[in-house]
Number of protein chains: 2
Amino acid sequence: VNTSLGNRPIGVFDSGIGGLTVVAALRRLLPTENILYLGDTARVPYGSKSPATVQRYSREISRFLTAANAKLLVVACNTASAMAVPLLRKEFDVPVVGVVEPGAAAAVAATRNHRIGVMATRATVRSGAYENAMLALRNDVTVTSHACPLLVPLIEEGWVEDVITDQVITRYLAPLRQANIDTLVLGCTHYPLLAAAVARAAGDHIALVDSARNCAEAVKTTLQNNHLMTPADTDGRLEVVLTDPADAFLVTAAKSLNLEIDNLRIEHLTET
Amino acid sequence: VNTSLGNRPIGVFDSGIGGLTVVAALRRLLPTENILYLGDTARVPYGSKSPATVQRYSREISRFLTAANAKLLVVACNTASAMAVPLLRKEFDVPVVGVVEPGAAAAVAATRNHRIGVMATRATVRSGAYENAMLALRNDVTVTSHACPLLVPLIEEGWVEDVITDQVITRYLAPLRQANIDTLVLGCTHYPLLAAAVARAAGDHIALVDSARNCAEAVKTTLQNNHLMTPADTDGRLEVVLTDPADAFLVTAAKSLNLEIDNLRIEHLTET
């Protein structure tokens with residue numbers, strides 16, 4: 001595997017492009033770190049697939065990233081975080097940070113009435129990962145999760161500020177509002193791109209928890225604890241590898257996140 | 001490869017479950033034929049992916065189906081039909097029938113004002129396959145295509161008779177209505193499940209062309225021309241193979257299509 005990164009990079013992956021919201025948060029918090037991002041656009045999305053398939057894909061990508069000398073793996077995909085983080089921690093020697101645990105911790109810290117809502121993919125909701133992570137931290141919270149499979153396609157269609165999207169969000173929020181939540185986890189790395197629309201529909205009394213920002217903070221702590229911070233005073237580079245080239249959404253997402261991509265290439269992963 | 005089918009089956013594939021609309025049409029037209037269906041649910045959808053990736057997936061699946069003794073391949077996916085049918089015809093010894101050519105022929109036969117619209121995935125629209133197939137039949141037609149990436153997720157969410165879906169359809173139809181079409185191709189095998197809603201939005205003066213039914217008729221002709229019809233007087237069997245098990249939509253689709261599945265199994269295809 002060739003990589004033009006000098007210092008060992010942080011390896012970040014997602015089923016597609018959504019994980020760039022985590023990359024943007026890492027850039028702000030850890031500007032000198034090199035980042036190698038893999039978006040599995042040939043097999044996107046993961047959110048409708050089974051645990052066995054998502055685990056297999058996550059293992060293949062982690063092999064790719066560690067072969068490229070990644071010093072830490074960031075699972076910047078809620079579905080893969082929900083299904084594969086324990087397995088990756090067992091199988092790989094580098095630290096593994098997902099988005100579910102940091103998001104769950106932030107939500108438990110934020111709630112006052114102990115009623116937390118989660119919007120996520122079908123697979124993440126089915127896994128119960130957010131609920132389990134929150135209950136492990138505090139057993140008096142009530143978690144209501146709702147699968148929102150149309151939000152990613154709406155974002156990828158570019159209908160971010162749109163009357164149709166607002167209606168879909170309102171419909172998805174209804175059972176969460178009925179559960180009287182005061183805290184809402186955006187449990188998919190695409191969703192921060194809809195944060196303004198969700199905030200509008202949810203109203204002032206519901207606090208939004210963005211898993212991207214909380215994940216970036218967990219990465220910083222993990223790097224510090226493991227003495228893995230890069231001692232550089234120049235900005236880190238961002239390399240993006242996609243498994244399929246046909247993603248017009250990359251340009252939109254990078255622009256809206258204000259991300260500069262230093263190198264983009266397409267690679268075909270080997271299935272195991 | 002094990003298969004419980006006696007007579008050589010017709011091999012049918014799609015990126016997921018949508019191709020069952022073609023299976024339902026085949027069942028009605030050719031009730032004694034055995035059918036082996038592969039839905040590539042581990043890598044669904046194809047409609048947002050590149051030609052190279054869709055061709056690779058189509059080749060892998062065709063190897064699987066011909067290894068199971070398929071006597072004819074039906075590409076029951078518009079995206080794969082648009083991108084891979086010529087390649088499959090070159091590489092495999094059995095006849096290959098796609099959905100694009102029969103749909104294009106039916107549309108050209110139906111139009112009176114020579115203005116035809118196509119609703120399809122991004123990849124199918126980008127390929128220009130419908131336009132090319134129609135112009136090859138008749139050079140005085142004007143084809144207006146529009147990518148409709150939200151329709152499959154809306155169908156899979158079960159929002160088939162729904163005010164939100166009606167608004168999305170109306171928005172997608174606007175440029176086609178403006179082009180004054182009198183014939184509209186439903187260029188994705190999922191879309192027949194939305195035929196009633198599309199017909200309502202399009203109005204009486206636009207004729208809908210369902211690629212599933214026209215494909216089934218092309219299969220019948222091809223079997224007859226190649227002396228491949230099964231001389232049976234009992235009903236054929238339907239075997240379904242999925243590459244990922246997590247598809248609740250299978251049950252919904254099979255029920256709404258009135259399809260009986262004799263055998264369902266999960267297999268993990270080998271990537272090449």
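This report describes the interface between chain A and chain B and the sheet of each chain in a predicted model.

## Extent of the interface

The size of an interface is often given as the accessible area lost when the parts come together. For chain A and chain B this area is about 2,700 Å², with 52% of it on carbon and sulfur atoms. The contact involves 35 residues of chain A and 35 residues of chain B.

## Polar and charged pairs

Between chain A and chain B, 21 residue pairs are in polar contact, both residues of each pair being at pLDDT 80 or more. The interface also holds 4 salt bridges by the rule applied. A:Arg122 and B:Glu157 form a salt bridge, and their closest N and O atoms lie 3.3 Å apart. The cut-off for such a pair is 4 Å.

## The chain A side

Several helices of chain A each supply at least two residues to the side that touches chain B: H2 (51-67), H5 (122-127), H7 (151-156) and H8 (163-178). The largest share, 6 residues, comes from H8(A). By residue class, the side of chain A that touches chain B consists of 16 nonpolar, 8 polar and 11 charged residues.

## The sheet of chain A

Strands of a sheet pair through backbone hydrogen bonds, either parallel or antiparallel. In chain A, an open sheet of 6 strands has the order S4-S3-S1-S2-S9-S10, with parallel pairing. Strand S4 (96-98) and strand S10 (263-266) of chain A have a single partner strand each, so one side of each has no neighbour in the sheet. On average, neighbouring strands of this sheet are turned by 20 degrees against each other, direction ignored.

Within this sheet, strand S1 (residues 10-14) and strand S2 (residues 35-39) of chain A run parallel and are joined by 5 bridges. A:Phe13 is placed opposite A:Leu38 in S2(A). H2(A) packs on the sheet, where it touches S1, S2, strand S3 (72-75), strand S9 (238-242) and S10 of chain A. The direction of H2(A) makes about 155 degrees with that of S1(A). H2(A) also supplies at least two residues of the side of chain A that touches chain B.

## The sheet of chain B

Chain B has an open sheet of 6 strands in the order S4-S3-S1-S2-S9-S10, and the pairing is parallel. Its edge strands are S4 (96-98) and S10 (263-266) of chain B, each pairing on one side only. The twist from one strand to the next averages 20 degrees.

B:Val75 stands opposite B:Gly98, a residue of S4(B).

Methods:
Residues numbered from 1 in each chain as written. Chains lettered and ligands numbered in written order. Predicted model: local features only at pLDDT ≥ 70, side-chain atom pairs only at ≥ 80, totals over all residues. Heavy atoms only, no water. Contact = heavy atoms within 4.5 Å. Buried area = accessible area lost by both parts, 1.4 Å probe. Salt bridge = Lys/Arg side-chain N within 4 Å of Asp/Glu carboxyl O. Polar contact = N/O pair within 3.5 Å; in protein donor to acceptor, adjacent residues only side chain to side chain. Helix = DSSP H or I, 4+ residues; strand = E, 2+ residues; numbered from the N terminus. Nonpolar A, V, L, I, M, F, W, Y, C, P; charged D, E, K, R; others polar. Pairing = 2+ DSSP bridges. Axes fitted to C-alpha atoms, helices over the stretch in contact; angles between N-to-C directions.
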